[in-house]
Amino acid sequence: MISTYRVQLTPDLGFADVAELTGYFRELGVGAVYLSPILQAVPESGHGYDVTDHTAVRAEFGGLPALRDLAARGLPLVADVVPNHMTVPVPESRNAPLWAALRDGPASPYARWFDVEWPVALPVLGDETGDGNGGLSVDGSVLRCHEHEFPIRPGTERLPLPELLAAQHYRLVSWRDSPGYRRFFDVSSLIGLRVEDPEVYDATHAVILSLLDQGVLQGLRVDHPDGLADPRGYLKRLRPRVPGPLWVEKILIDGERLPENWRCDGTTGYDALNMVTRLFVDPASEDQLVKTFARHTGVIEDYETVRREAKRHVIDLFFRGEVDRLVGAMTGRVEESGLREAVVELLTAMPVYRAYVDPGEPPSTESIRVVRRAAREAARHTDPGPVARAADLVLYGPAEAVTRFQQTCGPVMAKGVEDTALYRWYPLAALNEVGGEPDRFGVPVGEFHEFCAILPPRTMTTLSTHDTKRSEDVRARLAVLSEMPDEWALAVDSWAAEVSFDPRLDYLGWQTLMASWPITPERFTKYLLKAAREAKTAISWQNREPGYESGIRRFAQEAIGVCGESVAAFTAVVDRYARVNSLGQKAVQLLMPGIPDVYQGNEITDFSLVDPDNRRPVDFRARRALLAEILTPGTRPDTWDGQKLLVTTTALRLRRRLDPEASYTPVEAGEHAVAFSRGDEALVVATRLPVALERRGGWGSETLMLPPGRWRDLLTGWEYTGRVPMGHLLSRYPVAILGR
């Protein structure tokens with residue numbers, strides 16, 4: 001497989017619609033279509049991760065016949081599979097296995113499917129029904145609570161309501177309480193599956209494995225493997241059944257690598273995304289941008305402090321139940337003085353999403369190093385004795401304790417960092433990406449080359465996904481601010497003097513407004529509301545405040561209405577350089593080691609924000625017409641859209657003749673370019689830090705020495721050999737893609 005194109009299936013974009021796009025994908029140079037989850041989910045779902053039925057291909061997409069028709073179009077299909085959880089739908093009867101488990105309790109054959117404690121607590125009661133009685137009614141064999149419905153245990157239907165409630169295999173509790181089951185992060189509507197059980201694995205994977213065996217699917221992307229009890233065992237079982245790529249949606253923190261014993265081809269590319277982004281950020285501006293951020297927001301703490309406080313906050317807010325269950329697994333329900341606080345601090349201090357300890361086996365040297373390092377940090381904040389005890393239990397304790405710590409560690413990282421800290425500390429929001437480190441401003445070219453040299457050859461690389469906080473072109477604009485910190489400070493000072501609301505939110509709003517321009521007040525408002533709820537400083541998803549949210553709406557309207565003209569003018573200046581970043585990062589990502597993915601629509605400029613904004617419909621008709629235009633002989637596009645599409649299709653077509661195992665060789669190109677060759681077939685040159693390049697007067701006498709042989713720039717058709725002046729090589733476009 002040479003490349004993929006990610007498609008977000010929705011009820012309005014099903015298999016038949018994707019089948020009609022396969023001709024366009026082939027012309028673009030795409031090697032495979034990469035589909036969001038295909039199994040039956042909540043009918044109205046726009047993402048598909050809320051699976052209700054593992055035995056059916058999703059009806060809203062056309063079902064199995066339409067999927068087969070899509071596969072028959074000839075492009076290999078990769079599907080997103082969701083082994084960690086399924087949904088607790090409303091009404092709950094939509095999930096037949098869960099319904100049976102709730103009805104029959106631990107004796108049900110479906111009880112083993114779910115990671116629960118019986119009787120299982122279900123957080124569905126509103127604040128007005130906190131006594132467990134209001135809003136409840138019995139309808140035959142069904143217990144109703146507003147829009148919710150639950151099965152009644154056979155034989156208890158005629159009991160008075162209080163006795164009936166006490167007789168069930170579940171307890172209805174406040175929506176604010178922790179559920180009695182493992183869930184996906186803090187999302188109580190997604191219940192954890194025990195896929196480590198062979199019967200559960202077989203039942204939940206039968207359709208997917210059948211599609212692989214029949215050749216309908218060629219590869220898989222595994223969602224959230226960190227949530228699994230045994231990701232190594234899961235991948236070991238799955239790998240022999242997958243003829244093509246097997247990727248894991250795994251967040252690797254700076255310098256972290258996948259365990260060698262995970263049998264897969266690599267990650268879904270956040271490590272590559274963050275490295276490529278940093279390549280186009282100027283680290284010289286770090287101090288100035290941090291000072292501007294602090295001056296506008298009042299946040300003077302460093303990122304590590306904010307990160308720690310955010311993780312501790314979400315543990316207290318969301319994960320009390322998970323911590324109680326973990327401590328119980330560690331101690332056999334015997335309370336040990338100080339151990340709970342030690343566990344909380346150890347979770348807070350963990351630097352990665354998983355410790356990679358397999359119960360019953362000696363922990364690896366790296367696992368010991370990571371856990372001991374976290375323990376040293378945790379001991380700074382609480383009694384060191386219980387912390388040492390907790391660390392020992394994580395490394396050598398009972399199997400359930402070892403497993404549950406890791407299943408809790410991931411959600412704390414995700415909610416504490418991705419969905420809290422990154423919305424609280426953002427001097428340069430381009431760096432605030434999933435798996436990113438916002439206090440790491442840029443990387444030197446040499447470090448990028450070192451990263452590529454050890455990148456698994458068939459891992460996925462990407463620049464945008466359905467989970468990114470902002471699209472690649474939004475980040476390309478924001479990266480320019482690292483080269484214009486003075487101009488940015490003056491601009492944002494002027495805007496903030498005109499319109500203000502909450503200093504902790506406004507500065508993120510101004511970065512977002514500029515980088516996503518033009519944007520409607522509606523889209524801008526939705527983004528700010530989500531950002532404020534994720535930050536959890538004034539409001540949250542659990543605690544809405546109508547007055548504050550009205551203030552956000554006013555700010556969004558006024559920021560665009562009052563400052564829109566000035567923002568547009570500033571963005572126009574930024575775009576002279578953002579186009580350079582956009583084309584450069586695209587060329588680098590598509591031709592660096594790994595299998596490149598193009599997220600739907602991002603073959604041209606896209607200024608989407610965090611989901612659901614990045615799942616808006618894509619105008620494929622316009623993209624198809626533009627592709628036909630730029631592929632016309634003699635045509636050389638002069639728009640950003642046209643140039644990005646030219647770079648994308650040129651790189652993807654070159655990948656067709658490039659062995660994924662082709663060697664990666666850095667090429668010396670000076671401070672303002674990154675260059676590398678792939679085997680003997682391809683060479684990439686991309687401009688970086690274009691503002692500073694312009695200010696120093698351009699390329700001057702700089703040259704680049706090509707590897708031996710004759711090379712053709714596939715973007716311009718110009719031919720080169722030997723030593724080439726950079727000013728000539730990059731005179732038409734800020735990137736060059738050369739082939740033999």
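**Aromatic pairs and a helix contact**

Modeller: Please note that this is a predicted model. Phe 501 is partly exposed, at 29% relative accessibility.

Colleague: And Tyr 548, buried or exposed?

Modeller: Tyr 548 is buried, since its relative accessible area is 13%, under the 20% limit. The rings of Phe 501 and Tyr 548 have centres 4.8 Å apart and planes at 55 degrees, so this pair is tilted. Because Phe 501 lies in the loop between α17 and α18 and Tyr 548 in helix α20, the pair ties together parts 47 residues apart in sequence.

Colleague: How many aromatic pairs does the structure hold?

Modeller: There are 27 aromatic pairs. One of them joins Phe 293 and Tyr 426 edge-to-face, at 5.0 Å centre to centre with 70 degrees between the planes. Phe 293 belongs to helix α8, while Tyr 426 is in the loop between α14 and α15, 133 residues apart.

Colleague: Why do Phe 293 and Tyr 426 count as buried?

Modeller: Phe 293 has a relative accessible area of 1% and Tyr 426 has 0% relative accessibility; buried means under 20%. Both residues belong to one aromatic cluster, which also includes Trp 425, Trp 488 and Phe 570.

Colleague: Turning to the helices, at what angle do α20 and α22 cross?

Modeller: Their axes cross at roughly 10 degrees and come within 9 Å. That makes α20 roughly parallel to α22, and the crossing is right-handed.

Colleague: Which residues make the contact?

Modeller: Among them are Asp 575, Leu 583 and Leu 590 of α20, and Trp 640, Val 647 and Arg 655 of α22. By class, the contact has 10 nonpolar, 3 polar and 5 charged residues.

Definitions and conventions
Residues are numbered from 1 along each chain as its sequence is written. This is a predicted model: local features need pLDDT of at least 70, side-chain atom pairs count only at pLDDT 80 or more; totals for chains, interfaces and linings use all residues. Side-chain values use heavy atoms; hydrogens and water are left out. Axes are lines fitted to C-alpha atoms, for helices over the stretch in contact, and angles run from 0 to 180 degrees between N-to-C directions. Helices (H or I, at least four residues) and strands (E, at least two) are DSSP runs, numbered from the N terminus. Angles under 35 degrees count as roughly parallel, over 145 as roughly antiparallel, 65 to 115 as roughly perpendicular and the rest as oblique. A crossing is left-handed if the near helix is turned anticlockwise from the far one by less than a right angle, and right-handed if clockwise. Contact means heavy atoms within 4.5 Å. Ala, Val, Leu, Ile, Met, Phe, Trp, Tyr, Cys and Pro count as nonpolar, Asp, Glu, Lys and Arg as charged, and the others, Gly among them, as polar. Rings of Phe, Tyr and Trp (its six-membered ring) pair if their centres lie within 6.5 Å; planes under 30 degrees apart count as stacked, over 60 as edge-to-face and the rest as tilted. Buried means under 20% relative accessible area, exposed over 50%, partly exposed in between (1.4 Å probe, protein chains only).
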